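Subject: The structure for you to look at

Hi,

Here is the structure I promised to hand over. Please open it beside this email and follow along as you read.

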Amino acid sequence: MNLKAVYIHIGWFQMSVTNLIIVIGMVVLFGLALTLPFPGNSKGNKKGKGRK
Amino acid sequence: MNDRRSELEAAPWSGRTRRYDLIKEGVAALVVVTIATVALSTLFGSPDDKQITFKEWAVAAPADFYATTVQELAGSSGTGGYGAPYNTASDGVNLGPLHLAKLMGVTHPVDTVNDFVITPLTTVVNSGPVADALKQWQSSDSKTQAAWATNYDNALTKANQDATKVPSGNYGPVPQLSGGLLSMAQAGSLDGALLSQGNYFQSDNTKQTLFMGDGSYFNDQSTASNLQGSTWGMMNETGRYPGQAWLWLYSFWYQIPPFNNGDSHPFGANADAWIMVIMGALSLGLIIMPLIPGVRSLPYKIKIHRLVWKNYYQEENL
């Protein structure tokens with residue numbers, strides 16, 4: 001981790017690869033949180049299903 | 001309308017309900033977040049780079065240290081001409097007629113001549129020439145002192161910071177004082193002398209940071225580690241450690257015109273103040289978002305909530 005950082009530099013945009021990995025990780029995590037079913041709340045799970 | 005709303009709000013919930021263990025959820029979240037925080041900070045926590053000391057600076061770049069000392073005596077350093085809150089040398093950044101720093105006044109006075117050079121020199125036993133130089137300086141009036149220091153500062157700049165190439169002139173004791181402080185720093189005595197100014201328990205490193213920031217050595221270290229504002233430095237850490245990615249928007253403004261040109265007026269030269277205003281306005285916008293017509297309706301148009309509660313919307317055929 002103490003090695004010289006690697007940067008992506010395009011025009012005025014610059015970001016370290018480490019930061020980029022974290023940002024991509026956050027976006028992926030957000031996407032998964034939206035799309036993956038909540039544990040115990042899947043269809044057919046009577047316990048997690050509410051009642052009218 | 002209001003009656004109908006009150007009626008609806010007062011009516012008992014007639015939709016579906018489900019059991020929900022809030023305590024269990026809270027404990028699970030706390031445990032997971034605690035484990036993740038400890039594990040991630042152990043693996044990727046901020047690096048503890050070795051502190052840069054005055055000894056390190058004076059040994060590694062003596063010419064830079066020497067020239068910076070001369071500038072402190074002449075008042076031509078970055079700190080010397082900064083203005084509030086350290087001195088009255090300039091008006092500082094402004095938002096049009098509003099000079100923000102000047103309005104706050106000199107709340108942390110820094111006298112570069114005495115705080116950085118003369119006072120530290122008086123705390124040690126100096127060699128003959130340095131002790132004599134100190135006496136000569138202290139027995140002279142401020143006008144003479146300023147003339148000596150300015151003469152030598154200009155001559156040293158012309159000689160590209162090479163003291164051996166400075167022609168003789170009316171420099172008074174400035175070369176000896178600067179040489180004395182260089183020797184003191186190289187011996188490791190200056191760090192403590194600068195820190196010990198003030199209270200018994202000292203936690204204020206402003207003077208050390210300012211003095212070090214006036215030279216090129218500290219600045220060069222920042223550049224080498226991509227920590228300069230012009231290279232998104234706010235977001236970065238040294239080495240390959242993760243930085244403050246959430247500061248991207250704050251850092252972004254410094255990369256684009258007119259803020260990326262420190263010489264352009266009025267925005268570039270006052271980028272700190274203008275960007276603070278922009279970010280303040282954007283933050284305020286975020287806080288009062290529920291009150292902004294159009295913006296507050298965006299969730300209805302984006303419909304992310306339907307993704308979050310997709311089961312409900314599927315089951316209810318909504």
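B:Gln161 is partly exposed, because it has 17 other C-beta atoms within 10 Å, and a residue counts as exposed only with 12 or fewer and as buried with 20 or more. Please keep in mind that this is a predicted model. You will find B:Gln161 in the loop between α8 and α9 of chain B. Its phi is near 65°, a positive value in a residue other than glycine. B:Asn160 lies in the loop between α8 and α9 of chain B, and this residue too is not a glycine but has a positive phi, of about 55°.

**The loop with two cis bonds**

Now go along chain B to the loop between α13 (248-253) and α14 (271-287), where you will find B:Pro258. The peptide bond from B:Pro257 to B:Pro258 is cis, with omega near 0°. B:Pro266 lies in the loop between α13 and α14 as well. For comparison, most peptide bonds are trans.

**Chain B as a whole**

Zoom out for a moment. Chain B has 17 helices and two strands. Along its principal axes, the C-alpha trace spans about 95 × 45 × 35 Å. How does the radius of gyration of chain B stand against that of a compact globule of 318 residues? The globule would have a value near 20 Å, whereas chain B has 29 Å. Buried residues make up 22% of the 318 residues in chain B. Among the contacts in chain B with a separation of 6 or more, 53% come from residues 24 or more positions apart.

**Helix α4 and what covers it**

Helix α4 of chain B runs over residues 62-74, so to speak, and has 13 residues. From its first C-alpha to its last it reaches 18 Å, close to the 18 Å expected at 1.5 Å a residue. This helix is mostly covered, with ten of its 13 residues buried. Among the buried ones are B:Phe65, B:Tyr66, B:Val70 and B:Leu73. Just after α4(B) comes B:Gly75, which takes a positive phi of about 75°.

In soluble globular proteins, nonpolar side chains tend to be buried together. Here the largest nonpolar core has 32 residues, and those that touch the most other members are B:Val70, B:Tyr152, B:Val174, B:Leu177, B:Leu181 and B:Ala185. Helices α3, α4, α6, α7 (128-138), α8, α9, α10 (190-195) and α11 of chain B each supply at least two residues of this core. Leaving out residues up to four places away in sequence, B:Ala185 touches B:Phe54, B:Lys55, B:Ala58, B:Phe65 and B:Leu190.

B:Leu134 sits in helix α7 of chain B. B:Leu134 counts as partly exposed because it has 19 C-beta neighbours inside 10 Å, while buried needs 20 or more. Apart from residues up to four places away in sequence, B:Leu134 touches B:Leu121, B:Thr122, B:Asn126 and B:Leu177. B:Leu134 and B:Gly180 are 46 residues apart in sequence, and their C-alpha atoms are 9.5 Å apart in space.

In chain A, strands β1 (residues 7-10) and β2 (residues 13-16) run antiparallel and are joined by four bridges. A:Ile10 has A:Phe13 in β2(A) as its bridge partner. The hairpin has two residues between the strands, and A:Gly11 takes a positive phi near 60° there.

The contact between the chains takes 19 residues from chain A and 20 residues from chain B. On the side of chain A that touches chain B, β2 and α1 (17-35) are the elements that give two or more residues. The largest share, five residues, comes from α1(A). That side divides into nine nonpolar, seven polar and three charged residues.

Enjoy exploring!

Definitions and conventions: Residues are numbered from 1 along each chain as its sequence is written. Chains are lettered from A and ligands numbered from 1 in the order in which they are written. This is a predicted model: local features need pLDDT of at least 70, side-chain atom pairs count only at pLDDT 80 or more; totals for chains, interfaces and linings use all residues. Two strands pair if DSSP finds at least two bridges between them. Two residues are in contact if their C-beta atoms, placed from the backbone, lie within 7 Å. Ala, Val, Leu, Ile, Met, Phe, Trp, Tyr, Cys and Pro count as nonpolar, Asp, Glu, Lys and Arg as charged, and the others, Gly among them, as polar. The expected span of a helix is 1.5 Å times one less than its number of residues. The radius of gyration is taken over C-alpha atoms; the globule rule is 2.2 Å times the number of residues to the power 0.38. A nonpolar core is a set of buried Ala, Val, Leu, Ile, Met, Phe, Trp, Tyr and Cys residues joined through C-beta atoms within 7 Å.
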